[in-house]
Amino acid sequence: MDMPAPDLGVISRKARIVARLRAILPADAVIDALEELRVYECDALTAYRCPPLAAVLPRTTEEVSAVLRVCWEEGVPVVPRGSGTSLAGGAMPTADSVILGVARMNAVIETDYENRFIRVQSGRTNLSVSGAVEAEGFFYAPDPSSQLACAIAGNIAMNSGGAHCLKYGVTTNNLLGVTLVKMDGTVVTLGGPWGDPSGLDLLGVVCGSEGQLGVVTEAWLRILPKPEGARPVLVGFNSNEVAGACVADIIRAGILPVAIEFMDRPCIRATEAFAKAGYPDCEALLIIEVEGSDAEISEQLARIRQIALAHEPVEFREAADEDQAKRIWLGRKSAFGAMGQINDYMCLDGTIPVSSLAHVLKRIGEMSREFGLDVGNVFHAGDGNMHPLILFDANKPGDLERCEAFGAEILKLCVEVGGCLTGEHGVGIEKRDLMAVQFAPEDMEAQMRVKDVFDPKWLLNPAKVFPLGISAVRRAG
Amino acid sequence: MRPTSEAELAEAVAGASGPLLVRGGGTRTLGHAVGEVLETGGLSGVELYEPGALTLVVRAGTALAEVTQVLAGERQRLAFEVPDLRGLLGREGVSTIGGVVASNASGPRRVQVGACRDALLGVRFVDGAGTVVKNGGRVMKNVTGYDLVKLLAGSRGTLGVLSEVSFKVQAQPEAEATLMVEGLDDVAGLAALRAALGSPFDVSGAARHGGRSLIRVEGMAGSVGYRVRELTARIGGEISVVEGEASAALWRQVRDVVPFHTRTGDVWRIATLPTVAAMIVEQLKGEAVWDWGGGLIWLLLDPGRGADVAAAIAGRGHATLVRGQGAPAFPPEAPEVAALVAGVKAKFDPRGILNAGMMG
């Protein structure tokens with residue numbers, strides 16, 4: 001993975017740039033000492049690190065605007081950062097860039113239960129948005145697994161999903177409006193609490209633009225009344241094909257579970273050894289969760305049982321109480337940790353049509369043998385969003401490169417069967433150089449033109465998303 | 001011009017010597033644009049349909065009726081409940097799926113499942129220079145690159161001419177029922193809708209007209225019955241329950257704004273906050289069909305009330321003049337937003353030939 005050579009002119013002007021930032025921000029909001037900048041040298045893609053030129057932690061939209069204006073005038077690249085939980089390197093800085101962290105902007109501005117929205121500053125964590133409305137019986141639906149730590153700003157930048165988006169959609173489906181600051185400091189409001197756009201849906205393209213169009217400082221989010229209850233079932237199968245067919249039949253029957261999670265044998269075994277959730281030792285395991293009142297849950301589960309039993313599962317386990325429900329989820333929730341116990345891992349995020357599931361798992365198994373690296377699969381089966389976890393040893397020379405090559409082959413396979421490179425993590429730097437697998441040059445050109453409009457100097461998070469070769473002219477200014 | 005392939009469409013746009021009036025069936029076109037007519041009806045047919053994956057890929061000129069029929073064959077549907085605006089706008093013609101996407105046409109179920117743009121997984125389109133561009137795809141979760149899918153939805157042909165669209169579709173529910181609530185004035189009747197939407201009972205429609213509030217639930221039979229009972233216990237007024245086809249017929253009235261079909265006058269479509277919906281209508285003294293719990297107001301007014309409408313909304317939403325003259329159809333954007341819109345349009349259609357002036 002390459003990053004562009006830093007602009008030495010910018011680096012040589014560090015003192016002046018920092019002085020200008022200090023002039024517009026409180027003293028504690030500008031960080032320029034190398035040892036303190038280490039905090040910002042990477043996000044959750046820890047394989048790549050680089051301390052930024054400086055970091056700023058503004059508290060208001062006005063401060064964000066002032067910072068961006070200075071950086072725009074000075075020609076300094078800016079890398080926006082929520083909580084730094086990106087698995088794709090979306091918040092990784094370059095040596096000539098200023099990190100703009102929104103972590104101190106975490107206030108709730110307004111909650112409106114009758115109109116069913118909440119307005120927050122974008123540094124607020126995902127889970128604490130739900131926390132703010134919980135007492136009134138509401139929640140914010142998108143639930144990425146990093147939800148305890150991740151910020152709404154990053155959720156919007158990456159259009160984050162989660163386990164429950166089969167029913168509730170991803171961030172873009174739950175985002176009503178934003179306050180956005182453009183690179184030149186202009187403050188723009190897109191959308192609003194009523195949701196419906198009056199003209200072009202610019203909000204729709206801002207969501208998922210990976211911090212390249214502007215810095216979102218505030219957001220209106222849809223909140224939903226909490227369902228009365230939820231209950232999972234666990235179904236084990238001795239073949240991936242049959243498990244896949246069972247998923248398709250459930251979806252086709254018109255039952256809409258809130259989640260259908262899938263684990264394959266390597267992942268089940270690793271998880272069992274680690275968490276001892278009592279999972280059956282089988283080829284494929286589904287966790288299906290439905291919501292509603294007790295009676296509604298029973299009605300749905302009866303139908304699911306009927307469908308599943310027709311596929312002759314090795315196990316069908318219904319949670320009879322809260323404790324059993326927790327045990328069913330325990331293994332799934334420990335899966336990443338369990339794999340991490342075995343070795344370092346890389347988590348992929350390609351999406352495939354559900355109909356290709358068995359074929360893709362078989363090919364991944366074959367490739368695993370070719371590359372000599374183990375892989376476990378745990379993913380959101382209802383929507384085809386895979387999470388292959390490739391195990392490697394970071395201390396073994398060449399292992400990371402082999403792992404990345406294996407990962408690239410899996411993602412190419414996802415595209416080949418009609419899917420995409422990333423379902424919920426984003427492109428960042430991780431999948432940047434694979435974009436041409438999915439898109440023709442004119443497809444990427446159309447996307448880059450949107451950035452040209454929002455950020456004509458290409459200063460916002462510039463070395464991400466698009467392969468460096470095709471963005472070079474624009475980044476050169 | 002009526003191209004029959006994407007390549008022909010691209011040639012037609014690239015070779016255009018002047019403005020183009022892009023349309024599917026012209027059944028929901030708003031605003032004013034002039035130019036040589038470019039129809040997409042020749043780009044027709046289902047490309048791929050996987051009922052087990054809830055995925056449909058279809059050429060943009062395909063008739064909406066054909067899409068509906070194909071999905072119904074597998075007991076599925078487009079979740080966002082496409083309005084048929086022919087009766088309201090006095091149009092003839094065949095609505096196309098591309099026109100649905102280009103206008104982000106979304107009906108009552110939007111309160112539960114989102115708009116057309118939320119069900120749209122991918123697009124192929126020809127931009128103003130005649131270049132074919134694809135974005136999104138056919139899978140439900142996709143964050144690869146910028147989401148031009150949302151940008152194209154509702155862009156009314158001003159950024160590109162759609163050639164293919166893909167959707168996440170929905171299984172038809174086993175049962176549906178509607179609570180008809182009478183005996184409440186508009187303020188109380190709209191409050192009842194908000195209460196229903198704020199409940200855990202997964203309401204899929206919340207509308208009001210003719211002194212009657214309508215609350216719909218859909219799903220498995222037992223669940224529908226349960227939710228009807230729970231909602232009845234919580235909502236005031238005189239409640240009767242309508243099921244099945246009779247319920248569906250009620251919602252077609254709301255979806256297509258049938259009460260205004262035979263009435264004269266301007267029709268405004270106002271998106272706003274549900275809690276101010278009653279106040280806006282009271283101030284303007286018009287006749288209303290409320291949908292989305294009050295978040296959408298179809299308002300019948302005498303001609304020439306544009307300034308009054310803007311004053312009544314007072315920044316809490318926006319209004320589109322869907323039927324009538326004397327005001328631009330689309331409201332002006334704030335200057336900094338208008339600059340972005342103009343910039344994006346200039347990038348996608350550098351010659352300014354696609355439905356020029358249609359969206360203001």
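In which sense do strand S4 (residues 55-59) and strand S8 (residues 160-168) of chain B pair, and over how many bridges? I looked this up first, and I noted that S4(B) and S8(B) pair in the antiparallel sense over 5 bridges; two strands count as paired if DSSP finds at least two bridges between them. Leu56(B) has Phe167(B) in S8(B) as its bridge partner.

Before going on, I wrote down that this is a predicted model, in which local features need pLDDT of at least 70 and side-chain atom pairs count only at pLDDT 80 or more, while totals for chains, interfaces and linings use all residues. Residues are numbered from 1 along each chain as its sequence is written, chains are lettered from A and ligands numbered from 1 in the order in which they are written, and side-chain values use heavy atoms, with hydrogens and water left out.

**Sheet of chain B.** I followed the 5 strands of an open, antiparallel sheet in the order S3-S4-S8-S6-S7; strands (E, at least two residues) and helices (H or I, at least four) are DSSP runs, numbered from the N terminus. Strands S3 (46-50) and S7 (132-136) of chain B are at the edges with a single partner strand each, so one side of each has no neighbour in the sheet. From one strand to the next the twist averages 15 degrees, where axes are lines fitted to C-alpha atoms, for helices over the stretch in contact, and angles run from 0 to 180 degrees between N-to-C directions.

**Where chain A meets chain B.** I then found helix H16 (residues 441-454) of chain A lying across S6 (120-127) and S7 of chain B, at about 75 degrees to S7(B). In the interface, 88 residues of chain A are in contact with 75 residues of chain B, contact meaning heavy atoms within 4.5 Å. The two chains bury about 6,300 Å² between them, 59% of it on carbon and sulfur atoms; buried area is the accessible area (1.4 Å probe) that two parts lose on being put together, summed over both.

I also noted 13 salt bridges across this interface, each a side-chain nitrogen of Lys or Arg within 4 Å of a carboxyl oxygen of Asp or Glu. One of them joins Arg110(B) to Asp196(A), with the closest N and O atoms 2.4 Å apart. H16(A) gives the most to the side of chain A that touches chain B, with 10 residues.

**Sheet of chain A.** Last, I traced 5 strands in an open, antiparallel sheet, in the order S5-S6-S10-S8-S9. Here Leu180(A) stands opposite Val216(A) in S10(A).
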